[in-house]
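Look at the structure first, then read the points below.

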Amino acid sequence: MLVPLAQNVVSGILVGALYGLAAVGLSLTFGVTKFLNVAHGELLMFGGYASFWAFTLLGVDPFLTLPTTLVFLGLMGVLLYKLLFSRMVKATEDVKVKNTMLIGFGLSLILQNVALRLWTANDRAITTSYSGMALTVFGVRLPVVRLANLVIALVCLVALHLFLQRTCTGKAIRATVEDWAAATLAGIDIDKVYLESFVLGAMLAGVAGALVGVGYSIVPTMGLEWTLIALIVMVLGGLGNIMGTFVGGIILGVTQSVTSYFAGGAYREVVGLLIFLLVLVFRPQGLFGTKQG
Amino acid sequence: MSKKAVALVALLVTLGLLAAFPLLVAAKSIVNLGCLVLLYIALASSWNILGGYTGQTNLGHAAFFGLGTLATRLLWLSGRPLWLSLLGGGSLAVVFALLIGIPAFRLRGAYFAIGTLALAQILYVTVGNVFPMLSALPSQVLANYQLLPRYYLFLGVAALTVTASYLLANSRLGLGMMAVREEEDAAESLGVSALKHKLVALSASAFLAGLAGGAFAYYHVGYYPQLPFSPVWTFDAVMMAYVGGTGTIVGPIVGGAFYVIVKEYLALKLVELHLIVFGILFILVVLFLPGGFVEAWAHLRKALARRAAQRQASLDSGERRAGPYQPGP
């Protein structure tokens, strides 16, 4: 009784770390730019495929290709920003949210179908020589690749935290989140900050996608599900709260897997959505946010 | 004739033409396409009441459409008359709308959009779990299946949705809805209850979407009950309304017709690439025609009028001055 439950909690934490990572990217972009990029899940999917093909065609270990996936998604982010999203910088917040959402719809349609054409509708997973290995602690199985995913997610998080706290660019990003008008007056180039946070968001989605490809599987139609997960976790954690968002991801992951344990897999998604709605209505600042204004 | 009378005559002529359309066109595939166009017009117009006129970006529209199909199909196949089944479908959508309305309207902007998407997703998953079997028409219904009554039902629902939108938009309630869209706090300060107007808009939007769903349930031969709850229905409605122009009567009609016909055309011409091209086309409309076709048309008319006025002015001054005639830019 206890071991299977513990197993579910652990699985939940491991998948939740990826939820958190996906959501941190979205939260960063949305927090700074107010761009509601509903194609975030598709960016994640592209990250997964970049890593999958590097492994399948070139035989390079998926953990070693993370930097190239980062660069690839970064370039994709720059391209999408310059081509599409940069046109929305000057709009009012309301228009921005709506129009970027619409652009996101179109984009997810395009990216999903491009992936379908290029890579077929098959489920793909990166199966390395060590994919089957697992540690067993007190009867709980800990797959090595998923543990490595957790470690990498944490490393990304710490790196992001340091970047935002210590570097000049990071400080400019945080200043823009607090008050973009004051930031402009202080000489911060808003256009540049928007570009940087959009690209950072895309890169984080890419890493998350690569890790999903290693620990689980990827498919061209996965985008909407992951966008929803990222949106849910973003609200759970509270906007602009990186650690909170990450913990929110883990909470969602654990809730889902514990629900599967008690009620079967059919409703695992529903429970996550219900919690999300309750938080949205009763604690709109997020589980860990402080009430503002 | 007054402007209103002209509009009424135009409307009646259009309706007459649409009613005669399936009698003139023999090809079943074209009539089916007509059904689809009318269904999508109803879907986009009903979304527009809350999303366009009241400014609440509702990403849960599929839930209302789906509940409409679910209730209508169950009632109709269990032997109730069609009109009662349709009414049941619309009513169920309204009941659900009122249940979720009060908590959902505590959210604003992006959070309302995400929240309604999550609600619809809950129904989508749950209906898939509760009704996993294909819903097929029984053989005796199938033997007598005729396309014409289906077409007229779609026409009726689309006409009702457009008419209701028009009446609502030109009423006191409609003005209140638009005031809430423009500036919620200012509207409240003038005694316009934002919650009341949002709930009215939501109920009307849900009822009409439920009816559209009912027509779909009457039309479709066999589908999984989960299908009409798919978020794709919402995204389609939103895209159509925006392509045509939100917050207008004509917008969703033009958008719906454009959407279905272009999508079908691209599907025929490009087969597997059609959704990619369609996505690009859609993004171009969002970027370069932000008010949709309706606003683009208004701009075009204004530009033409200005040009004509300029030409007139330059002609006038050309007559007076002795210099050579120079055409306007």
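A:Lys34 lies in the loop that joins helix H1 (2–33) to helix H2 (40–58) of chain A; helices (H or I, at least four residues) and strands (E, at least two) are DSSP runs, numbered from the N terminus. The model is predicted, so local features need pLDDT of at least 70 and side-chain atom pairs pLDDT 80 or more, while totals for chains, interfaces and linings use all residues. Residues are numbered from 1 along each chain as its sequence is written, and chains are lettered from A and ligands numbered from 1 in the order in which they are written.

**Loop residues of chain A**
- A:Lys34 is not a glycine, yet its phi is positive, at about 60 degrees.
- A:Lys34 is buried because it has 21 C-beta neighbours inside 10 Å (buried: 20 or more other C-beta atoms within 10 Å of its own; exposed: 12 or fewer; partly exposed: in between; C-beta atoms are placed from the backbone).
- A:Thr120 sits in the loop between H4 and strand E1 (134–137) of chain A.
- Phi of A:Thr120, which is not a glycine, is positive and near 60 degrees.
- A:Thr120 has 11 other C-beta atoms within 10 Å, so it is exposed.

**Helix H4 of chain A**
- H4 covers residues 93–119, and its 27 residues should span 39 Å (1.5 Å times one less than the number of residues).
- The end C-alpha atoms of H4 are 37 Å apart, which agrees with that span.

**Chain B**
- Chain B has 14 helices and 2 strands.
- Of the 329 residues in chain B, 43% are buried.
- Along the principal axes, the C-alpha atoms of chain B fill a box of roughly 85 × 55 × 45 Å.
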